[in-house]
Amino acid sequence: MNVVIAQSDVATAYGWGLDALWNGLLSNRTAIRSTDRFAQRGFLSNQAAIVPGLEVSPQESRALAMLKRLLFPLIGKLDPKTPLILATTVGEIEYVEWAILNHRPDLALQSRPQVLLGRIKHLLGLVGPATVISSACASSAIALARAAAAIRRGDAKKVLVVTCDSISEFVYSGFSTLLSLCDEPARPFDAERSGLTLGEAAAWALLESNDSPDDRAMSILGWGNTTDAVHMTAPDRNARGLSRAIAKACSMAGRTAGEISFIAAHGTATMYSDAMELLAFSAATAAPKPIFSVKGGIGHTLASAGLVQILIAGRAMSLGLVPPTVGLAVPDPAAAAWVHNTPVDLGRAPLALSTSSGFGGVNTAVLLGGAEQS
Amino acid sequence: MIRAVSWFCADHHGVFVPGGRSWQKPSPKLSVAADILALVGRPVNYYPRMTTEARHCLCAASMALAATPWRASGNPEIGLLCGGSDGCLAANQEYFRDYVASGRSLGRGNLFIYTLPTSVLGEVAIVLSLAGPCLFIHDETRPLSALARHAREFVVDGEANAMLALWSDTSAAVCLAVDGGGDDSAWLSKELSPLQWAGEFQGLVQSRAPA
């Protein structure tokens, strides 16, 4: 059974909608800016990729504010029984901040991801099965895979996947503590890369079965989920976990890695994570393939990162055009044959790989295909 | 199919194997590294930094895994799933409270790394060398049977050979060892906390023990 992304939308620091994201990447200008939100805190960086034009009500989380606007066009349009999967790292984490800063411990319970899940159900009028999936920065990629699995299994005809993570003092301070933040916009796969930039994003995708041969939608062909089982925050430097995930995705799809047209990489711009990915890619394919990372443009959007880059991969497949890696100046020698700072016109790009990794050593690879060129 | 059920709480721990050898004992103090080593049977490198919940989960997962034939049958790819109504709320509060108390400029990395619902699973995966899928699932239907169903789906879908499904909070952890075959999780459909489930399983083992 063929599972496709029938509809989708996204909000990133480039703005609202996939066109804004696509055009932002093609402009090769970053949407990462200095922010004064945490100016007094003395963190390692003041760089962030923040969704513009967001109106947040008092005592409302940024995550919910993003989702209310992004999901508005879906209100009343879905079968109320449509299953819902929410992918998030930690839900509405501001409630933990408010609980502690205002000595209101009762507020902390509202940070739990299932509370946000309930709010989305209420917003959309959904009454069907609803699930939260969290798997660090691979959350939305694995949620997409679970949704596709449910449709293939015959458990659902359509599944709505929603993802969101916002920039908060909680998350910003944590990454600063781990010395992960770059003091300039992130430069994935660059020889001089020195860390990630945090970003925020929200996205949704409506998956459904569709075996129509003339369909233009992007298909979810296969996926693989693995764990490094090596380190809590650092990747396996031998890339065994991601290599197995890629192999599993290809095996499920009945394709070989050599057939892949291009790769939407996780590309955080941290030294070891980028190196690990390059090792996995070079082990999987005999010849270099064009790769790109969106994180120099929109930062690392945590749970949302996987779905965001998959939506970009869909646009890239439909146009046969691989976007540039924003922020790339001098490629890391290991990346030189793979990564580009200008668009790569492939003409045809029928098969794409998207990879995600995260804390705890999680890896997800998703093989995408089927988007016809326009 | 559920191969084994294990639990660990402050008072007792044990394993229930449907149709097999089940046991339960008083719990050792997990503040003593030697006690956790005896239970897990492997070195636990980052033991001092692990939260109480992580220690409970590690013990429960170790016992469940040891009660299965999986490792003996060629080290199949085993995944990890966890659920729980609070996710990592306690760890989130601990991190941010400490950060605020320290002047809001620098947090503690050893606390921050536990602020994901899958953080505990990361530790378990490292110690037990589990390389399959690893994720937190909160299903609105809540009961342990839903977690068992999700775990079984990973096997049926061909994403793992077997899954360990953990249901935990700061007071107790229970673990289901699930592989292919039929769905036999209906007996886990009560809405109970991890500590209540631990009590249920203890009672089950005691009732089946020879007089």
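Biologist: How many bridges join strand 6 of chain A to strand 5 of chain B, and do they run parallel or antiparallel?

Modeller: Start with the general idea. Strands of a sheet pair through backbone hydrogen bonds, either parallel or antiparallel. Now the case here, in a predicted model. Strand 6 of chain A, residues 130-134, is joined to strand 5 of chain B by four bridges. The two strands run antiparallel.

Biologist: Which residue is the bridge partner of Ile133(A) in strand 5 of chain B?

Modeller: Look at Ile137(B); that is the partner of Ile133(A).

Biologist: How many residues does each chain give to the contact?

Modeller: The size of an interface is often given as the accessible area lost when the parts come together. Here we count residues instead. Chain A gives 41 residues and chain B gives 42. Helix 3 of chain B gives the most, with seven residues. By class, that side of chain B has 19 nonpolar, 13 polar and 10 charged residues.

Biologist: Which strands are at the edges of the open sheet in chain A?

Modeller: Read the order of the strands. This open sheet has three strands in the order 3-4-8, with mixed pairing. Strand 3 (33-34) and strand 8 (198-199) of chain A are the edge strands, since each pairs on one side only. Strand 3 and strand 4 (residues 47-49) of chain A pair in the antiparallel sense, over two bridges. Within that pair, Ser34(A) stands opposite Gln47(A).

Biologist: Which residues touch the most other members of the largest nonpolar core?

Modeller: That core holds 210 residues. Leu144(A), Val161(A) and Ala60(B) touch the most other members. Helix 5 of chain A, residues 139-153, supplies the largest share of the core, 10 residues.

Biologist: What does Val161(A) touch?

Modeller: Leave out residues up to four places away in sequence. The contacts of Val161(A) then include Ser140(A), Ala143(A), Leu144(A) and Ala147(A). Among the others are Ile85(A), Trp204(A) and Leu307(A).

Biologist: Is helix 5 of chain A mostly covered or mostly uncovered?

Modeller: An α-helix has 3.6 residues a turn, so residues three or four places apart point the same way. Helix 5 of chain A is mostly covered, with 13 of its 15 residues buried. At 1.5 Å a residue, helix 5 of chain A should span 21 Å, and its end C-alpha atoms are 21 Å apart, so the two agree. After this helix comes Gly154(A), with a positive phi near 90 degrees.

Biologist: Why is Asp184(B) called partly exposed?

Modeller: Count the neighbours. Asp184(B) has 14 other C-beta atoms within 10 Å, so Asp184(B) is partly exposed; buried would take 20 or more. Asp184(B) is in the loop between strand 7 (172-179) and helix 7 (194-208) of chain B.

Biologist: How far apart are Asp184(B) and Ile2(B), in sequence and in space?

Modeller: In sequence, 182 residues; in space, 6.7 Å from C-alpha to C-alpha. Asp184(B) touches Met1(B) and Ile2(B), leaving aside residues up to four places away in sequence.

Terms used. Residues are numbered from 1 along each chain as its sequence is written. Chains are lettered from A and ligands numbered from 1 in the order in which they are written. This is a predicted model: local features need pLDDT of at least 70, side-chain atom pairs count only at pLDDT 80 or more; totals for chains, interfaces and linings use all residues. A nonpolar core is a set of buried Ala, Val, Leu, Ile, Met, Phe, Trp, Tyr and Cys residues joined through C-beta atoms within 7 Å. A residue is buried if 20 or more other C-beta atoms lie within 10 Å of its own, exposed if 12 or fewer, and partly exposed in between; C-beta atoms are placed from the backbone. Two residues are in contact if their C-beta atoms, placed from the backbone, lie within 7 Å. The expected span of a helix is 1.5 Å times one less than its number of residues. Ala, Val, Leu, Ile, Met, Phe, Trp, Tyr, Cys and Pro count as nonpolar, Asp, Glu, Lys and Arg as charged, and the others, Gly among them, as polar. Two strands pair if DSSP finds at least two bridges between them.
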